[in-house]
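Okay, thanks for coming, everyone. I'll just talk you through one structure today, so let me put it up on the screen.

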Amino acid sequence: MNRIDERFVKLRNEGKVAFIPFITCGDPSLSLTPKLVLELEKGGADIVELGVPFSEPLADGKVIQGATERALKNKVTLSKVIDLVKDLRKETDIPIVLLSYYNPIYRYGIVRFVEDAVRASIDGVIIPDLPPEEADILKEKAMELDFATIFLVSPTSTEHRIKLITRYSTGFIYYVSLEGTTGMRERLEETIQYNIETIRAFTNKPIGVGFGIGTEDQARRVAEVCDAVIVGSAIVSLIDKNKDNEKLLEIIGGFARKLSIGIKKVRK
Amino acid sequence: MLPNGKGHFNLDDTFFGGRFVPETVMSTLEELEDFYLKIKEDESFLSELNYYLKEYAGRPTPLYYAKNLTEKLNGAKIYLKREDLCHTGAHKINNTLGQVLLAKKMGKKRVIAETGAGQHGVAVATAASFFGLECEVYMGDIDLKRQSLNVFRMELLGARVIPVYSGSKTLKDAINEAIRDWVTNVRSTHYVIGSVVGPHPYPMMVRDFQSVIGKETRKQILEIEGRLPDYLLACVGGGSNAIGLFHPLYNDPVKFIGVEAGGKGLHTRHHAASLVSGSLGILHGSLSYVLQDLDGQITPTYSISAGLDYPGVGPEHAFYKDTGRAEYVAVSDEEALEGFSLLATTEGIMPALEPSHAIAYCKKLAPKLEKDKLIVVNLSGRGDKDVQVVEEALRRK
């Protein structure tokens, strides 16, 4: 069984919801990324999402666009991200999924990517610009090697699309909480609960919710209706603000802990 | 005819095109495709669109025998398809009238667009003003500066122009920003893509709206010369004017040549020749040739012509290239400027810098051909918008 599935089984038995923080690999630097991952784990992360930078981040808001630019300046590439996780595996067994736009993976070679990722003990991938319709090659290889392919459902997804996406997704299903790009919002969308119930009608797979969740309160409230809460921009923004602060790791760890405590308060 | 239902232009076990976009717009693309496939067979929609193309945009445009240019180059007989005479000064209006009318019929209240040279932006602003829809246009900050006249034109037409400061601040970044707007406002807004790029059904739909160019050309040349041309020449950025000219003659024994922006030369990094020197990749929703590095990062492009300054190209062109149906070449900034001057001084027509590339290639090709050969060059837009850029470039020489 894949580490992601194991984690969700464990959490389900405990009646708990997963906390999934996102950071962009190589922001502020490649040497700090592993330390940040370990700090997030200590802070209560169940799974870590590592962003692979791409020059055209068209699903992202300003905060992650900024992180992407910094990572690209640091010459971060998909192969460096894979190598980084391989090294990191000496220190942690936390499930790790990559979040990458499709072109870096396409260019790397889809089959080769899955093989190398599995070899580096990466557990799965989220590709925001790859709908299931175009994912057959990826899917086939991923099934063979028990590599999770996490597809996204959005508030605009129609029923036939939800059916397709839930069928293609392994690990969990990523529900995009809003119509828009990544980034913090003042308020949660009122449609989250209803839409998650709709998705549940088609699948028993765990459902994670991301986009627009940035505070402890928002994280806790979202946790009440789903199986995993994904927080990206709020963490990335805090990293950016403190990138020259020697207490960076402490600050990020502390923020993760706060989010995690909120999420773990919820019992199913 | 191509593409298939997934928007794939299939070739052996690979394809070009497809739909590589965030899930939020997937159902909208499905809806758009369904609506478009219905409406393109709908007589009342087509006759309404044709009416506007004729009475409002000024179609059909002339297929003009460029006698002076032909004599000067002393080779094949050269015809110019005068898209520069369309309302707003370029072929872009063919597509925007179609798409904005379609958006209105779909019940959308707002249209957005990206623009490079500003010609597409002006054409969308025009159509939005005409059909009474709200309009916002994204434009890279660099393009905004080099095409300031078009910015003012869009504003005069009632559109809001939004500067884009991210990335390389040119067309590709304007598209990124337009897509971000679209995923945010997808229920109310139609995204009017200006070229045969983007996710399915855009490459097919924009091609169909631009095919009026090739359909007219085919009819006109048969009337004038009693036979089909030997060569069709058009500049290629995203590739809409070229596909519009080529596609209706796909099954005819006519050679297609697409001319890309060679910028400061293909041996430098300063060009925008995706087909001539790019590789396969995914950009802005479809699989085609793109300019990228080994890690799949899109590389910055350069061309004196803002409308060709784009690191990707429509998937149908990729298909034409790999099947050998069309040939793609590149000419440099300097050659394009010579093309501009050549047409201005022989025919009294100032071409836009984009079709100046096609004229420049015609200058090389025509003298090599027999006098009974026929070349049609798509004069996709007029050069008024470029006068300042040309002046500066000529002064630097």
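Let's start with cysteines: over all chains, the disulfide count comes to 0. Keep in mind that this is a predicted model. Is Cys235(B) buried or exposed? Buried, because its relative accessibility is 2% and the cut-off for buried is under 20%. Over in chain A, Cys226(A) is buried too, at 0% relative accessible area.

Okay, on to where the chains meet. Chain A puts 39 residues into the contact, and chain B puts in 39 residues as well. Between them they bury about 3,100 Å², with 48% of that on carbon and sulfur atoms. On the chain B side, the residues losing the most area to chain A are Glu23(B), Arg180(B) and Gln297(B), which together make up 21% of what that side buries.

What about charges? We get 4 salt bridges between chain B and chain A. One of them pairs Lys172(B) with Glu56(A), and there the closest N and O atoms are 3.0 Å apart. Polar contacts across this interface come to 25 residue pairs.

And which parts of chain B touch chain A? Helix H1 (26-39), helix H8 (171-184) and strand S11 (279-283) each supply at least two residues. H8(B) gives the most, with 8 residues. By class, that side of chain B has 14 nonpolar, 14 polar and 11 charged residues.

Terms used
Residues are numbered from 1 along each chain as its sequence is written. Chains are lettered from A and ligands numbered from 1 in the order in which they are written. This is a predicted model: local features need pLDDT of at least 70, side-chain atom pairs count only at pLDDT 80 or more; totals for chains, interfaces and linings use all residues. Side-chain values use heavy atoms; hydrogens and water are left out. Contact means heavy atoms within 4.5 Å. Buried area is the accessible area (1.4 Å probe) that two parts lose on being put together, summed over both. A salt bridge is a side-chain nitrogen of Lys or Arg within 4 Å of a carboxyl oxygen of Asp or Glu. A polar contact is a pair of N or O atoms within 3.5 Å; within protein, one must be able to donate a hydrogen and the other to accept it, and residues adjacent in sequence count only if both atoms are side-chain atoms. Helices (H or I, at least four residues) and strands (E, at least two) are DSSP runs, numbered from the N terminus. Ala, Val, Leu, Ile, Met, Phe, Trp, Tyr, Cys and Pro count as nonpolar, Asp, Glu, Lys and Arg as charged, and the others, Gly among them, as polar. A disulfide is a pair of cysteine sulfur atoms within 2.5 Å. Buried means under 20% relative accessible area, exposed over 50%, partly exposed in between (1.4 Å probe, protein chains only).
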